[in-house]
Structure formats: structure tokens, C-alpha cells
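Subject: Handover of a structure and notes on its features

Dear colleague,

Please find below the structure that I am handing over to you.

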Amino acid sequence: MLFTSYSFILFLTVMFLLYYAVPKKCQWMLLLAGSYCFYAYSGIHFLAFILLTTVSTWYSARRITRIQEQQAAYLKEHKASMDKEQKKRYKASMKKKTKRWMLTCILLNIGLLAVLKYTDFVISNINGIFHTGLTFMNFALPLGISFYTFQSMGYLLDVYRAKYPAQENAAKFALFVSFFPQVIQGPISRYNDLSGTLYEPHSLEWRNISYGIQRICWGFFKKLVIADRLLVAVKSLVSAPDEYMGVYVVLVIFFYAIELYADFTGGIDITIGIAQVFGVKLAENFERPFFSKNITEYWRRWHITMGTWFKDYIFYPISVCPWMLRLSKKSREVFGKAIGKRVPVYLATAIVWFTTGLWHGASWNFIVWGMLNFLVIVISQELEPLYAKFHNRFHVSGKTWYNAFQILRTFWLMGAIRILDVYRDVPLSFRQVGSIFTTANWNELFNGGVMRLGLTMPDYLVLVLGALVMLAVSLAGRSGSVRDKLAAKPVPVRYLVYYALILSILVLGAYGIGYDSSQFIYNQF
Amino acid sequence: MKKLVTVFISMLILVGCGGGSSNETTAASSSGAASSSAAVSGYTFKAGGTVIAMNAEAQPLIEAIGGDPKYFESASCAFEGLDKEYTYSGFVLKTYPVEDKDYVNSVTLYDDSVSTPEGIAIGSSLEDVESAYGAGGTSTVKEYTMDKSKLMILLEDGSVTSIQYIAITE
Amino acid sequence: MKKKRVIALLLLICLLIGSLWFLQRLFMPKYVDEIFEGRLIEEYYENAGGNDVMFIGDCEVYENFSPITLWEEYGITSYIRGSSQQLIWQSYYLMEETLQYETPDVMVFNVLSMKFDEPQNEAYNRMTLDNMKWSMSKWNSIKASMTEAENALSYLFPFLRYHSRWSDISTEDFTYLFRQEKVFHQGYLMRVDVRPVTTYPAATPLPDYQFGETAYEYLDKMVALCKEKGIPLVLIKAPSIYPYWYDEWEEQIEAYAKEHDLLYINFLELIDEVGIDFNTDTYDNGLHLNLSGAEKLSRYLGGILRETYGLTDHRSEPETAAKWQEKVNFYYEMKADQYRELEEYGYLKSYGGRKPEE
């Protein structure tokens, strides 16, 4: 079910009404039933996959916790009779057991994800390199498999690290995995964060409902009025790359940046808003990312939960795992201290960005995209001393115009890298970006070229106004919750804003016949 | 080891359950893959020296073919837009309008004074048709699709009675 | 505090519903400047009742028959319930709906729509369905007509379909927000201009000439419905040279009419008898008749109908005569106006005429 579909709106309405009608302690069960209905809508046979992940993770985590509890009890009981060596050996053998459970579960689930998602990619590469004619498997991807698999593996690793005990109740755990607002495109939640509000009873609270619905409407506004509208132009530009080079590629970068932002953050707004109406708190996934001044800051503000997931479950474990430490030591010996200390960090970072790219999609476009991000990060790391010298000399840091420069620089840099999302393949993407500097057709902006992309003048007007509204809301959000500020305004003002918001979604939204129906870009995850 | 094997096997079995139609997983494949090919694609008909492809712009082709075709036009019910028919010797060319230009909708061969580039004409045998374009369809109706064009050949008692090139528009 | 909130919320909801209702009326196309055919369906309701003959069908009825001629020549009261590319199920449900308003003495159905077995085009669907009054017939017609891309909700709330017109709103949308202007003559769309037939269309062979199952299903339903109400059903084929009417189709209709004991008139075979001259009687190269042709055809058919079904001559009834006199006046007014435009501009500028090529 698409978020922006009539059936989903109906489903939501029914869920909201039932949620506050059923006895409070059954509310989470209702969410579970609803989530499974939602999931089954995408294809009833797909339930098998999410169930496999749910059951295997729940069971493995429980076993791990059991062993850890066993270990704690045993050590407490035999505290006096064991020496240090014995304790160490005992702990090691217990660790071996829990590790086996953890690895098996990860292998099963990540393996499943890998096979479903990447088999055809591997086949196409084999065909390309060895000129074989292997047929593609065309596996259909279960809804949200990348998101719920990673969320479950995060939970498993947390339990393995004894951060918290496993969830005993299989049904409760199933809800954590399948919670419908977030299963399509995240945010990737941490169990200890989500479980707080997910299972507890919630009474009808005006603020949650009002704020939740406001947030849902805001998400619909961004998605329907801005993102779906811009998509028309982006599609026209991208489907004829030979025709649209030079300044048009600049337009692609710009339009796609706004479009993806509106689409993705809009979807997340809907997600978090829905959860809020249920009284459940989900983590924020975006924090005004286009105000970032450099790439590192950008990745702390864009798709936050993905970034932290990769940091906690890939970057840190790799950085401190034994073979990495050995490698680091070896390289220090061979290449000297300077390189030696960089090796673990850069290698771990490279692995993180390679897997991040791969996670986004089974194509070289995404892998290259990931590695480009890595490259920029490494380069900005290495240029640190140069930057320091520059700032020492010129004292521009903190000045408004310099901040603006940094923001614009980051926006365009990330936008250029992001272009790998939209063009057919890597060489084409590079060629298009290159053409910005080699094709001199800036006059196209003024001779009506933009009017042939499928958008009319009123459409562009709506886009400009919509973008300004988004900007205004972002700016206002820097100093506190926008909804709080709105709530402080007098009733007529407040309700006028709600009225305008809802009406503009219904009138200006790019939905219905005449507009291409488009999915959230992350929907096939 | 045994556990790993069971895990792998169970995975493969499940993966087997997942077979189905492929989905576009990325924006790249869904928006970037549609390439605009300026080259002629699909089944084409040759009128003298002029190659007529389906959905091609009609005006230049009509000028190139020349001659003195019989012309018939039909306005669509209620809406603006004129479908046009040009009857040449041996074939009929029909067009449809998009904005202010006309595009090739179909070419119908009606007598054996013309033939397809593959040598099939009115009166050709069923075997000839199948060796030129392949089997499939029935012994009276053969439909072949390539890119945005469809070639429909009608037969009666084993010989061709009509050859139609039809544009696929959507 | 809570009470205030509830009131404010209710006000918001009322305001939203009111605005949406208003906007829906605003956004729905008025079909004033062009494509008047969109208003065909809605004009029936104010003229319902007292019609002895009902014509049902597509543009081959609403362009080819003049109810005013039927009145003037025979005192027959009639109405044409047709719309552009009206598909057979749409015709059936209109027939069913009409019987809620009146019981005619004869139903006349043009069989061209037998060639369409599946939903065709959203735009034509809208023109036929949007302005039907709400009834089970409308709902069933919607369900049978929807193309894959369409959604029943957008028929319940046309706002969802037409909101995209927000940037195309013109003064007409405001002027005709709550009122309409009469355009048709008991469902007849008048054209006085002339574009003679110069060539005839090619007959492209079809892979299959058999009319579809759905088409036959609805034809059967029509026959059953008329039989149930005791109304004779007359099948006709209008004298249009395009879309091409294949012999194989003709055979099927003849066989069907024979099997169900229905009168079937194929006017393509009676062109000379009716006196139609394709040099003067068509306004679009033979696809549809103009006023002159429609009057000829109506004169001919009217004679058959009166003779076969003993239709009443209502001209002696003062009330009916007075009512129809108004219609007759309007008819001749428009005729005069159309001729005036032809003289002034060379084409029917405000009646949908095509500008002559340079």
C-alpha cells in the first residue's frame, strides 16, 4: 500500500478509530494485526519472509540471553571456587556459544536479503565479464526487507553485546519488526528506544493526535504538492539524457535534490506522524540536512538512523575486530605511523560506504555513489590541516557569507554525487556531470526549455512557493518545535493554517489521472 | 557445519518461494532506463525508398512517398484531432495526431503489388510467413510485436489476405 | 477548554467540506467553450417526461436525428439520450435510468457501439457519466466503464479527478457554476455547415469480426428490459461512412434482430431512398449528417415509426403543443444564428466548427 493512496488512508482511519476503542492493553496487539494486514496487502506470500526473520531473530536472541543469564548465575554461584583463568575460559566458551547463535542468525537473514536482492546483479556482472548467458532469477523483493532485516540484526547484535535482554514475547517482538509505519522506508529503530512507547498502553491524548495529524498532513504536502510534481520534470530530463545536457544537468541536480528531500522527508513525516497518533515515538531521520556545511555534517543530518546503524554495527565492530587491529599494527610497521593510524579508520570507512551503497541498490551506480562519498570524506579529512591554515590566515569561519558558501558548496557537491541515483549507469552519470562544464547552453534556461519538461508556469509557481514554505518551516524549526509555535498562536490563525494545509494538499497535490503515479523512492527496500 | 548447511538450504527453499515478477528496485532503473532512441525500431514497411516506421512523424514520410494518394480524414468524436488516411497503390497509411503533428498509426497492405521487407505479400503462404517472422498465433491470425510496433497478418485457407503494421501507442 | 476545541474542530471540518464542495463545482468542466457534447447527458433531466420515442446511442444518434422534425412532421415527441463514444453498457444503464422518469412508446438503439467490448477512454467516460444523476444505474454504469487507471472514488467525488484544473480555471467556470445554458434540441446537436464526402475510407480487414460477449450481454439486457416494460425496441445503423461498418457485423445484427423479432433498419442501405446527398447533407465528410441530412433521416424514420407503432400525434394537445413550440422556436433561432456565423466567419465559430484551411 502506498502511503498516498486511498486504501491506505482508509486503513489508517480504521486503525486510529480501533486503537482508541480497544482495551488499552490490547493496543499493541491491534498494531501487530494491522501491521500484518498491511504487510499481507503487498503480497500474502511475502509474509513468509518477514516471519522467518522475525522468528529466527527472536529465537536466537532469546537463546543468547539465556546463555548470558546462565553465565551470570554460574559465575555468581561459583565466584569463590573459580580462579581468574577458569573464569576467563568459561566466559570464552559461553561467548563462543552466543557468537554461534548470533552468526547463524545473521547469516540466515543477511544471506536471504543478499540472495533475493543481489543475485541478478551478480549474474549480470558474471555475464558481462565472462560472456555467459545465465538467465536472471527475477526474485520479487519482500516489502521493506532491507529496513526490517537491518533493524532486526541491530537488535540481535545489541542482545549479543548484552545491552539489554531479549524480548520474551514473540508477538511483541513481531510488532517491533513489522510495525507498519516504518516497515517501508524506516526510520531504522533501536529496540531499546522503540520498545518504550511501542508496547505501553496509550490513552486518547489530544496533543499526540493533533500533532501527529499535523505531521502527517505536512508529509502529504511535501510528497504530493512538491515531490510528485517535480518528479514529472526530473523524469523528462532523465529519460532523454542526450537531449538534456549542460545546464539541464544542473537542473537535474537541483530538482532531484528538492524532490528527493520532499519525498523522503515527507514519507518520514507521515511515518512519525502516524506513530505519534498511536502515542508511539519514532526516532527522527532528518535534521535540516541541506543546512549542512560539510559532508560529515550532512551525513549526521540525512537518513540519520541509517548512518548511526552503519556506524554502530559495521564501523565500530570492524575498527576494533582482531584482524583489523593486526592489519593496523602491520601497516604501522611497514608504512610508518602516519599511514598506519589511518589504515583502520579509512578501511572501515571504505567498507561502510561500500556496504551503504550496496544497501541502497543492486547496481554499480549505488556502489560508485557510496565510494564517491567515501572519497570526499577522505579528501576532506586529509585537507584538514590545509583548512586550518586557511582559517588561521583569513578568519572567515562563522561569518554569514562564509556559512552560506559552505552550505551551497555542500548542497551542490552532494547533489552531483546523488545524480548516480537517476541516470541509467555510471558512465552516463559522469558524462552528464562533465557536460555541465563542456556544454555551454545556459541560454536554454531563458528560451523556454524548462517549459517543455511537462510542468506549466503555474506548476513552477507552486513549486517555488512550496519550496519557500519548506524553507520557512525548516528555519523556524531551528529554534524549537514548529507545532509548538503554532499551538501558541490564537485559534483562528492556527486553524487557518490547518485549513490552508489540507486544502492545498487536496487542490494542488499531483495525484489522480493526469499525473504519473509515483512511489516513494525508497519503497522497494 | 551442519547448522550452516541447514541454514543455507532453508534459505534456498524460501528463495524459491519468492519467485515472481521482477520489480524495479531503484530510481535509476525506473527513471533512467527509458532511453530515447532516435533510431528506427520495430517492424517497418518500405514504400519505394521510404522507410515507414510506426509512430514516426508522418509529414516527412508522406512528402517522401509523393504520388497522389486518396485522402480521407475523420474527426474524433467530440475532441479535436483528426485521424487521416492516405490510400496509395497497394497500401493505406493512417495517422493520428499529437498536438499539431501527425504520426504513423498503421500501414495496411491491400494487394500484392507491394510486399514487406521480408518478402511477404497478399497471397503468400502460411509457411512463408512463419519462416519470415516465426511461428505463434493461429493459422488465420498471426501477430508479431517488436518495440512499439505490431505486425498482424491475416490468412484464409493457408494464404495471406491482409498485412497490417500497427503502432502501439501509450 | 475541551468544548472550545471541539467546536473549533467541527468548524474546521465544516469549512473544509464546504470549500471542497464549492471547489468541486468550480473545477468540474462546464463544456461551454468547446466540447459541448459534455453537456448532453445533463440536459435530459429538465426535459424528461412526455417523450414517446427515446433514441439511445452515440454520436450516430445525437447528430443524425432531429426531434423537432419528428414533431413538426408527425407530432411525435422524442428525446435523444446519447453522448460521445457512448458504450453499450452506458447506453443500457441510461435506458434503465430513463425508465425511472418515463415510459416511452418506442426505444431506438444505434448498434455501432457493439464494436466496443471493453472500457475505452477516460475522457469519454467522464462526459457520459459525470452528469448523470445519482442512481444505481449510474453506479453500475461507472463500474462497467472504468478503465484500469480509473478509480470509483473519483466518480463519487469528481473533485479528486478535476482538482488538477486549478490552473486552467476560466471565467466560464465561474459564470456557469450554478447555471447552464440550453444548447441541444431534445438531445440533438445541430450543425448546419457542409463538408461533403470526397473519398470513402478503406476497409481494413479485422482478425475477428465476432462482436464481444459483453456487447451481446448488454444487448440482451436491453431487449429483456424493453420486453419487460412492453416497449418495442428498434435497432438502427446510422448512415455514417466511418467507422466502417463491415458486412460481417451487419450479418450478426440482422441475425440477432431476426432471432429476437426486432425491427432493424440499416440506413447505410437506404441512403438513396431517404434522399441523403453526401454533397450537402454532412458537415464532416460523411461521418455525421448535418441539419439537412438529419431532417431527411428523421422524416423517413418518423414515417416508419408512426406507421409501425401507431404513435400519437400530439400536435392537437394544447399544453404539449405550447411546450414544443418553445423548443421549435429555439431550434430555428439557433439555425438562423448558425447561418449567420457561416456567413460572417465562413465556419461555425462558436458551435465547434473547424476553421477552413488556408
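The paragraphs below go through the chains by topic.

Please bear in mind throughout that this is a predicted model.

Chain B

Chain B contains 4 helices and 9 strands. Read from the N terminus, its elements follow the order α-α-β-β-α-β-β-β-β-α-β-β-β. The chain has 170 residues, of which 30% count as buried. If one takes the contacts in chain B between residues at least 6 apart in sequence, 39% of them join residues at least 24 apart.

An open sheet in chain B is formed by 7 strands in the order S3-S4-S5-S6-S9-S8-S7, with antiparallel pairing. At its edges are strand S3 (70–75) and strand S7 (141–146) of chain B, each of which pairs on one side only. From one strand to the next, the twist averages 15°.

Within this order, strand S6 (residues 101–109) and strand S9 (residues 159–167) of chain B pair in the antiparallel sense over 4 bridges. Thr108(B) has Gln164(B) in S9(B) as its bridge partner.

Helix H3 (residues 58–65) of chain B lies across strand S4 (82–87), strand S5 (91–98) and S6 of chain B. The angle at which this helix H3 runs to S6(B) is about 55°.

Strand S3 (residues 106–110) and strand S4 (residues 233–237) of chain C are joined in the parallel sense over 4 bridges. Here Val108(C) has Val234(C) of S4(C) as its bridge partner. S4(C) and S5(C) likewise run parallel, joined by 4 bridges, and Lys237(C) stands opposite Asn266(C) in S5(C). The chain passes from S4(C) to S5(C) through helix H12 (residues 247–259) of chain C, in a right-handed β-α-β crossover.

Elsewhere in chain C, Thr69(C) is located in helix H4 (residues 67–74). Thr69(C) is buried because 23 other C-beta atoms lie within 10 Å. Leaving aside residues up to four places away in sequence, Thr69(C) touches Glu295(C), Ser298(C) and Arg299(C). Between Thr69(C) and Tyr332(C) there are 263 residues of separation in sequence, with 11 Å from C-alpha to C-alpha in space.

As to the interface, 17 residues of chain C are in contact with 19 residues of chain B. On the side of chain C that touches chain B, the residues comprise 10 nonpolar, 5 polar and 2 charged.

Chain A

In chain A, the axes of helix H3 (residues 47–77) and helix H4 (residues 84–130) come within 10 Å and cross at roughly 175°. H3(A) is therefore roughly antiparallel to H4(A). The residues of H3(A) that make the contact include Phe49(A), Ile64(A), Ile67(A) and Leu75(A), and those of H4(A) include Met94(A), Trp101(A), Leu108(A) and Leu112(A). By class, the contact of H3(A) with H4(A) divides into 10 nonpolar, 9 polar and 4 charged residues.

Further along chain A, Ser363(A) is found in the loop between helix H14 (337–360) and helix H15 (364–382). Is Ser363(A) buried or exposed? Ser363(A) has 23 C-beta neighbours inside 10 Å and therefore counts as buried. Its C-alpha atom is separated by 9.4 Å from that of Val426(A), a residue 63 places away along the chain.

Helix H16 (residues 384–394) of chain A, for its part, is hardly covered: among its 11 residues, the count of buried residues is 0. Just after H16(A), His395(A) takes a positive phi of about 45°.

Yours sincerely,

A colleague

Definitions and conventions
Residues numbered from 1 in each chain as written. Chains lettered and ligands numbered in written order. Predicted model: local features only at pLDDT ≥ 70, side-chain atom pairs only at ≥ 80, totals over all residues. Axes fitted to C-alpha atoms, helices over the stretch in contact; angles between N-to-C directions. Helix = DSSP H or I, 4+ residues; strand = E, 2+ residues; numbered from the N terminus. Parallel < 35°, antiparallel > 145°, perpendicular 65-115°, else oblique. Contact = placed C-beta atoms within 7 Å. Nonpolar A, V, L, I, M, F, W, Y, C, P; charged D, E, K, R; others polar. Pairing = 2+ DSSP bridges. Right-handed = clockwise from strand over helix to strand, strands pointing away. Buried ≥ 20, exposed ≤ 12 C-beta atoms within 10 Å, placed from the backbone.
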